[in-house]
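Me: I'd like to learn how to read a structure like this one. Could you walk me through it?

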Amino acid sequence: MSIAEDARWMARALALARRGLGETNPNPVVGCVLVKGGRVVGEGWHRRAGGPHAEVHALRAAGAAARGATAYVTLEPCAHEGRTPPCAPALIAAGGRRVVAALRDPNPAVNGRGLAALRRAGLEVTVGVAAGEALALNERFVIAAALTRPFVMLKAALTLDGKIATAAGESKWITSPAQRLRARALRRLHDGVAVGVGTVLADDPLLLPAPRTRRPFHRVVFDSRLRTPLRSRLVSSASDDAPLWIVTTDQAPGREALEARGVRILAAPAREGRVDLEWGLEALRAEGLWSLMVEGGSDLLGALLAARLFDQVALFRAPLLLGGGHGRPAFGGPDPDRLSDAVRLTARSPILPARSAAASPAVPSDGAYEVWYPAGVRYGRRR
């Protein structure tokens, strides 16, 4: 195959992979196209976590025609046994001739093992075709694989002067109905949504995506004193399909009543009476959450900002100016003394190759909201 042909078929595989956005979490989205004699003999994509992988769908569609075919896959085929059988051995058993992978899988459970298995079996392996597009598509998964916590997006709906509420606490609604719909759709890219207990007490939110996902969607509350009401909509809706996690301190009373209603409690060591955020995020990762959209309030957003515990920022701005000196800022927390203490941002994802113009699925094509990244971040070994 020529370079142009490889790029053509990988573009098709990436288009297939995008169909899985919002449904495969915490897994990455993956597409696979089997090509023989210049035509597609089978294709597929990963549709949901726990279901068959993209390669399996493509092999089933191809049947005997898979023998001698080239597989274009957006992520390295796995070689380990998880909830489903490994894909690299399936490609080998089907008699494939060549595998073209956009990316090596950064998951420590894979990390080159699938490619090595394919090469040992005598298949020709090419890696790196459309790598920028594949990285952008699975940005949350790729970044989280280098961390011991979930990928964290900080999301705020704010006025042009940076306020999320008036001095009296009124916040409904700063943004338009259309913007709020976009924000709920943005939740689908993540394993779950997190807020501070102040948001729960003020707004009694459900924190669900729209449209709803078929896979479980997690809701998380950071609540150091377990003030989340038993009659709140979050507690009332806690279920296997919509799990509710409360990250609290090990000294907070009243967890038994919440647990009796199906709430999952993570008790962190207290740090000056508050939840240790880094501990809490790492505990959520240990429970299987790879990506988290944090929606407020001001104190939680500001604390994560100050601790540099975030990977992306989404700002939904409304054409409003509140003025005054006591409105609630989008990002609270400690006041920096110097401009050098500010968090500098960039519009470019830190994991993209230098010449890539690819964009994350979180970036809107119509500019309806802004997406930023912390500048100067380098993701390498797990940290």
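Reply: We'll go from the overall fold to one helix, one lysine and some salt bridges. This is a predicted model, where local features need pLDDT of at least 70, side-chain atom pairs count only at pLDDT 80 or more, and totals for chains, interfaces and linings use all residues. Residues are numbered from 1 along each chain as its sequence is written, and side-chain values use heavy atoms, with hydrogens and water left out.

Me: How many helices and strands does the chain have?

Reply: Helices (H or I, at least four residues) and strands (E, at least two) are DSSP runs, numbered from the N terminus. Here you get 12 helices and 18 strands. The radius of gyration, taken over C-alpha atoms, is 22 Å, close to the 21 Å that the globule rule gives for 383 residues, so the chain is as compact as a globular protein of that length. That rule is 2.2 Å times the number of residues to the power 0.38.

Me: Which residues of helix 2 are buried?

Reply: Buried means under 20% relative accessible area, exposed over 50%, and partly exposed in between (1.4 Å probe, protein chains only). In helix 2 they are A54, E55, V56, H57, A58, L59 and A62. That's seven of the nine residues in 54–62, so the helix is largely enclosed by the rest of the structure. Its buried residues pack against strand 1 (31–36), strand 2 (39–45), strand 3 (70–73) and helix 3 (87–93).

Me: What is the nearest side chain of opposite charge to K155?

Reply: Lys and Arg count as positive and Asp and Glu as negative, while His and the chain ends are not counted. A salt bridge is a side-chain nitrogen of Lys or Arg within 4 Å of a carboxyl oxygen of Asp or Glu. For K155 the nearest such side chain is E295, 4.0 Å away, and K155 is buried yet has no salt bridge. You'll find K155 in strand 6 (residues 151–158).

Me: Where do R149 and D311 lie?

Reply: Side chains of opposite charge can pair when their charged atoms come close. R149 forms a salt bridge with D311, the closest N and O atoms being 2.7 Å apart. R149 sits in the loop between helix 6 (139–145) and strand 6, and D311 in the loop between helix 12 (298–306) and strand 15 (312–317), so the pair ties together parts that are 162 residues apart in sequence. R149 is buried at 6% relative accessible area, and D311 is buried at 1%.

Me: How many salt bridges does the structure hold?

Reply: There are 15.

Technical notes
Contact means heavy atoms within 4.5 Å.
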